[in-house]
Amino acid sequence: MSVRLRWPALRRSFTKFLLSYIVLLLGAVVAEMVVFSLLIRDERDAIVHDRLEALQASVTQLDERLRELEDIVAIISDDRVNPNIASLLRRTDPATRSDYFEYINTINRLPDYKLTNSTIAHYFIHLRRSRFILSPGVGSGREREFYESHLRYPGLTVESWIEDLYEHFHVRTYWPAQDLEGVVGATKYVTLLRSIPIDSFVGYTGTVIFLIDERQILSSLDTVAGFGDGGVAYILDRDGT
């Protein structure tokens, strides 16, 4: 009689033990899942934070190099630093053959700013009044001939290009990266336009045109892991346009 009473009691004890073990096991599994999720989240947040910091550092460096172009524009249009350019900017008559020596002398004096700012692939100075383009390496000439020979934008006629130079005062105006016909180098170029003098919104006398090698911009973003796999970069002004 006593033996028969033990087995039900033993089964109840074993059942309680088994249920307790299952509860503890499930609790341990749930705790491990929670801890693992937290670790994954922290690791992900750390990776995102590191990449954002690297991206911000690259953007800051790139922005500083682009801001240096503003200083170069100021130097180009400074009467004291470049009196020859300043003189040609004030010319009101179209360039003629008799002016050949003066233009050649000025072109030969144009510095190669690529040595101080590697973002510059080429730069040109458009003389608004004499309708002439100065360039230290690619070539120089009257605006229409220059565009046709050295600086053709896809889908942009020479008339539209000239109109844009004459009708708009440019303050760090960027054109997107494009393949330009006639420009040396098999790459795309971002165009930056800046009217000069930089403080003259009315009666400006020229425009400095910078061509920025797209690869220079992309290389500055290579420090951000994974950016090359589908990453997109935009140049925006303070208004977000």
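Visitor: Why is valine 29 called partly exposed?

Guide: Its relative accessible area is 38%. Buried means under 20%, exposed means over 50%, and partly exposed is in between (1.4 Å probe, protein chains only). So valine 29 counts as partly exposed. This is a predicted model: local features need pLDDT of at least 70, side-chain atom pairs count only at pLDDT 80 or more, and totals for chains, interfaces and linings use all residues. Residues are numbered from 1 along each chain as its sequence is written, and side-chain values use heavy atoms, leaving out hydrogens and water.

Visitor: Where is valine 29 placed?

Guide: Valine 29 sits in helix α1, residues 2-76. Helices (H or I, at least four residues) and strands (E, at least two) are DSSP runs, numbered from the N terminus. The protein chain has six helices and six strands.

Visitor: Why is arginine 194 called buried?

Guide: Its relative accessible area is 6%. The limit for buried is under 20%, so arginine 194 is buried. It lies in strand β5, residues 188-196. Buried residues make up 34% of the 241 residues in the protein chain.

Visitor: What makes the pairing of arginine 194 and glutamate 70 a polar contact?

Guide: Their side chains come to 2.9 Å. A polar contact is a pair of N or O atoms within 3.5 Å; within protein, one must be able to donate a hydrogen and the other to accept it, and residues adjacent in sequence count only if both atoms are side-chain atoms. So the pair qualifies as a polar contact.
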